[in-house]
Structures are given as C-alpha cells and as structure tokens.
Amino acid sequence: MPIEASCHCGETVFEVTEAPSNVTRCTCSLCAKRGALWAYYKPVQFRLLSPADNVATYLWGSRTVRHHFCASCGCGTYSESPDWSTGKPDFDNPKVAVNARLFDDFDLDAVPVIMIDGKNLW
C-alpha cells in the first residue's frame with residue numbers, strides 16, 4: 001500500500017510503494033544537521049507528486065548524491081544516490097532515500113532505527 005509524504009508547507013509531496021521495514025539514522029554532518037530518518041527505495045518505488053519546480057537540490061563533497069529539499073519551506077525531502085552498501089558507489093543500482101519523518105499517517109516508532117556512523121565513514 002503506497003505511503004504519501006509531504007514537507008512542512010505541503011508544496012513538495014511524494015509517495016513510496018510500501019512502508020519501510022526499518023529506517024536509518026546517519027551521523028554524517030549533513031544528516032545530523034537535517035535530523036532525518038532515511039527509508040531506502042528503488043527509483044521505481046518512488047514517485048514525486050508535486051511539480052519538480054517545487055524541489056531544490058543540494059550537492060556537496062563528491063557530488064554523487066543529490067539531496068533534495070522543498071524550495072518553499074526548506075524541509076529535506078529525499079536524496080538520490082548510487083547504492084553505497086559495499087562502501088563504494090554502485091551507479092548501476094541507484095537508490096532513493098526518503099525522509100521518513102515526512103510520512104503522513106505512519107508510526108515511525110513501529111520500525112527499528114539502524115545507525116550508520118557516517119561521521120567516521122565518509
């Protein structure tokens with residue numbers, strides 16, 4: 001069953017195909033400051049419902065990850081990146097990380113939180 005998510009002002013809206021089985025808390029400098037809990041999906045499982053013009057993008061470091069946020073209210077919404085599960089970028093298997101804190105009508109306390117030590121890994 002699809003789950004919809006939205007930013008604070010409602011200008012950026014997206015959906016994913018299913019509820020996450022877990023979420024990730026990353027300690028890298030960007031994620032720590034954003035305060036996001038990330039749920040990971042394949043691109044085909046993600047759909048932006050609002051106009052693309054409502055979304056702005058931030059690139060930093062290696063510039064391989066596109067961090068998106070609402071162009072109106074600034075909420076960090078989702079990121080697009082290669083799969084990093086092996087420690088190296090796998091561009092053949094892209095991922096969409098969505099900020100699970102933005103899910104509408106979803107109990108985040110019902111899923112486990114996995115920590116990634118991004119502060120020391122990259």
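Reply: Happy to! In this predicted model, the cysteine closest to the sulfur of Cys70 is Cys7, with 3.6 Å between the two sulfur atoms. A disulfide needs the sulfurs within 2.5 Å, so this pair is too far apart for a bond. Cys70 itself is buried, at 1% relative accessibility.

His68 is buried, with a relative accessible area of 6%, and its side chain makes a polar contact of 2.6 Å with the side chain of Glu80. Beyond its sequence neighbours within four places, His68 is in contact with Arg34, with Val55, Ala56 and Thr57, and with the residues from Cys75 through Glu80, namely Cys75, Gly76, Thr77, Tyr78, Ser79 and Glu80.

Now to the nonpolar packing. The largest nonpolar core has 18 residues, and Val98 and Phe103 touch the most other members. At least two residues of this core come from each of strand 1 (3–6), strand 2 (13–16), strand 4 (38–41) and strand 9 (90–99). Setting aside neighbours within four places in sequence, the contacts of Val98 include Phe14, Val16, Leu37, Trp38, Tyr41, Phe46 and Phe103. A second, separate core of 7 residues has Cys26, Ala36, Trp38 and Ala97 among its members.

Terms used:
Residues numbered from 1 in each chain as written. Predicted model: local features only at pLDDT ≥ 70, side-chain atom pairs only at ≥ 80, totals over all residues. Heavy atoms only, no water. Buried < 20%, exposed > 50% of the residue type's maximum accessible area, 1.4 Å probe, protein only. Core = buried A, V, L, I, M, F, W, Y, C linked by side-chain atoms within 4.5 Å. Helix = DSSP H or I, 4+ residues; strand = E, 2+ residues; numbered from the N terminus. Contact = heavy atoms within 4.5 Å. Polar contact = N/O pair within 3.5 Å; in protein donor to acceptor, adjacent residues only side chain to side chain.
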